[in-house]
Structures are given as C-alpha cells and as structure tokens.
Amino acid sequence: MTRSVAAFMAGLLVACAAAQPARQAVCLTYEPAEVTLTGRITLVQHFGPPNFGETPELDKRIDVPLLALSAPVDVCGDATSELNADTEVAVREVQLLGDDNVGERWNNQSVRISGTLSHAQTGYHFTKVLLTIQRIEPQ
C-alpha cells in the first residue's frame, strides 16, 4: 500500500510541475542597463502630498501612470548600489517616469517601452520598481 501511495504522490508531483507555466530564467538589472518591457498602460489614482494617504481628507489625489506587464519579471539588485540593492521577484507592474503625459497619451493601450529600471525611493514612488522611459511604441 505504501508503494502505491508513494507512486501516486510522485506522479502528482510530476503532473503539477508540468502544469506550471515556465518562469523567465533571466533576471533584469537596474540602471544603467536598458530593458524593454511590454504591457498595458493605465492611470491609477493614489494619495499624494502632504501625507500620502495618512490623512485622506487633506491629501491631494494624483494620477500615476503604470505599466501592467504582459508577463512577470524578476529584477536583480545591485549589492554595490545604495539605491538599487533590492531584488524584486515576479514584478507585475512598474511605475512610469520621464514623460509627464504618458498616462494621458497611452492610457489603456498595449505598448512596448524601452528604458532603465530603478527601485522605489520616495513617497511619490507607488511600485517597488520604476521604469524611466526612453522609447515607447504601440504593440
């Protein structure tokens, strides 16, 4: 009986492993390396100054452009960097920087964006990973 249970468990393990989607083997790096990501741009409202959500009745609302990625990515930290040392796994969205009108121009559109990645540092950064835009095109 224990052999059949072990065989069943081994078969189940193999079946589950085969059903899992393949994970990306590459780990993207932070600036200065250029990366290209694809996904859909959305504008999401967040609380801004003065207290970024701690006093909602006083806080300004700001529209933040985000790229919802077509597939999750991993971003490897740089141990020599004070700003970009943290590794982030299975990142599904990034905040877009470097173009104040990107959200209005490309809202709800699928795009391909090239630029550099950095890690969040301030209250104005609403995702752990940010993408500073260098090029953007429809997908």
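## Exercises on a predicted model

At 28% relative accessibility, Cys76 counts as partly exposed. Keep in mind that this is a predicted model. Let's work through it.

**Exercise 1. Find the partner of Cys76 and describe the bond between the two.**

Step 1. Look for the sulfur atoms: those of Cys27 and Cys76 sit 1.8 Å apart, and the two residues form a disulfide. The structure holds one disulfide. A disulfide is a covalent bond between the sulfur atoms of two cysteines.

Step 2. Cys27 is in strand β1 (residues 27–29) and Cys76 in strand β3 (residues 61–76), so the pair ties together parts that are 49 residues apart in sequence.

Step 3. Check the handedness. The torsion about the S-S bond of Cys27 and Cys76 is about 125°, so this disulfide is right-handed.

Step 4. Check the exposure of the partner. Cys27 has a relative accessible area of 29%, so it is partly exposed.

**Exercise 2. Decide for His119 and for Arg92: buried or exposed?**

Step 1. Start with His119, which belongs to strand β5 (residues 110–119). Its relative accessible area is 10%. Buried means under 20%, so His119 is buried.

Step 2. See what surrounds His119. Leaving out residues up to four places away in sequence, His119 touches Tyr30, Leu83, Asn84, Asp86, Glu88, Lys128 and Leu130. With Glu88 there is also a polar contact of 2.7 Å, side chain to side chain.

Step 3. Turn to Arg92, found in strand β4 (residues 88–97). Here the relative accessible area is 57%. Exposed means over 50%, so Arg92 is exposed.

Step 4. List the neighbours of Arg92. Again skipping residues up to four places away in sequence, Arg92 touches Leu67, Ala68, Leu69 and Pro72. Gly39 is 53 residues from Arg92 in sequence, while their C-alpha atoms are 9.5 Å apart in space.

**Exercise 3. Work out which elements give two or more residues to the largest nonpolar core.**

Step 1. Get to know the core: it has 20 residues, and Leu37, Leu67, Leu96 and Leu117 have the most contacts inside it.

Step 2. Name the elements. Those giving two or more residues are β2 (34–47), β3, β4, α2 (102–106), β5 and β6 (129–138). The largest share, four residues, comes from β3.

Step 3. Zoom in on Leu37. Not counting residues up to four places away in sequence, its contacts are Leu28, Leu67, Leu69, Val73, Val94, Val111, Arg112, Ile113, Leu117 and Leu131.

Terms used. Residues are numbered from 1 along each chain as its sequence is written. This is a predicted model: local features need pLDDT of at least 70, side-chain atom pairs count only at pLDDT 80 or more; totals for chains, interfaces and linings use all residues. Side-chain values use heavy atoms; hydrogens and water are left out. Buried means under 20% relative accessible area, exposed over 50%, partly exposed in between (1.4 Å probe, protein chains only). A polar contact is a pair of N or O atoms within 3.5 Å; within protein, one must be able to donate a hydrogen and the other to accept it, and residues adjacent in sequence count only if both atoms are side-chain atoms. Contact means heavy atoms within 4.5 Å. A disulfide is a pair of cysteine sulfur atoms within 2.5 Å. A nonpolar core is a set of buried Ala, Val, Leu, Ile, Met, Phe, Trp, Tyr and Cys residues joined through side-chain atoms within 4.5 Å.
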